[in-house]
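Trainee: I am new to this structure, and I would like to learn how to read its charged pairs. Could we go through them together?

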Amino acid sequence: IMQNAIAFFAAQNRAVTREDFVSRIYSLPPRFGNVSKAYLVQDEQENEKSAGTVENPLAINCYVLGYNSGKQLTNLNIVTKENLRNYLSKFRMLTDALNIKSAHIINIGIDFEIIPRPRYNSNEVLLRCIDLLKRLFEIDSMQINMPLNISNLMTELDKVEGVQRVSKFEII
């Protein structure tokens with residue numbers, strides 16, 4: 001038990017899983033920069049024989065984003081990426097390679113139509129729907145590579161008081 005405890009204690013300072021790396025990324029000391037969103041995925045390399053891609057078991061691609069002063073997503077500057085690389089080098093395995101990349105920022109819009117219930121003010125119902133969508137798409141609740149389930153969004157709109165039916169819902 002004592003030998004296992006000593007080995008386990010040493011392993012606590014290592015990043016092994018994706019969750020370990022993400023946790024370490026978010027714990028970057030503020031004086032080195034600030035990472036707001038992080039997503040890790042296995043690195044892929046081109047395979048000429050099969051004309052496809054093959055996972056590189058020793059490399060991880062880390063996609064990161066930060067906030068600007070207006071709390072809008074932005075790419076991290078080179079200095080912050082280098083600080084993050086140096087910080088994570090203390091925790092990664094010797095054989096691991098870490099590629100820090102900027103994630104793509106995609107701005108989306110929603111075009112929807114609702115049919116309000118009788119005896120409800122249609123403008124008030126529409127404002128409640130817009131407020132709900134704003135809450136669902138708050139930047140703090142979104143993550144890199146997070147799927148958007150349109151049927152769940154439509155179900156949430158259906159639950160708004162005064163909505164009889166969602167007749168149109170498009171992400172643009």
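Mentor: Gladly! Let's begin with Arg85, which is partly exposed, with a relative accessible area of 31%. Buried means under 20% relative accessible area, exposed over 50%, and partly exposed lies in between (1.4 Å probe, protein chains only). This is a predicted model, where local features need pLDDT of at least 70, side-chain atom pairs count only at pLDDT 80 or more, and totals for chains, interfaces and linings use all residues. Residues are numbered from 1 along each chain as its sequence is written, and side-chain values use heavy atoms, leaving out hydrogens and water.

Trainee: Which side chain meets Arg85 in a salt bridge?

Mentor: A salt bridge is a side-chain nitrogen of Lys or Arg within 4 Å of a carboxyl oxygen of Asp or Glu. Here Arg85 pairs with Glu82 at 3.6 Å, N to O. The two are 3 residues apart in helix α3 (residues 78–89), so about one helical turn separates them. Helices (H or I, at least four residues) and strands (E, at least two) are DSSP runs, numbered from the N terminus.

Trainee: How many salt bridges does a search of the whole structure find?

Mentor: It finds 4. One of them joins Lys168 and Asp111 at 2.8 Å, N to O. That pair links distant parts of the chain, with Lys168 in strand β6 (residues 163–171) and Asp111 in strand β5, 57 residues apart.

Trainee: Are Lys168 and Asp111 buried or partly exposed?

Mentor: Lys168 is partly exposed at 25% relative accessible area, and Asp111 also counts as partly exposed, at 29%.
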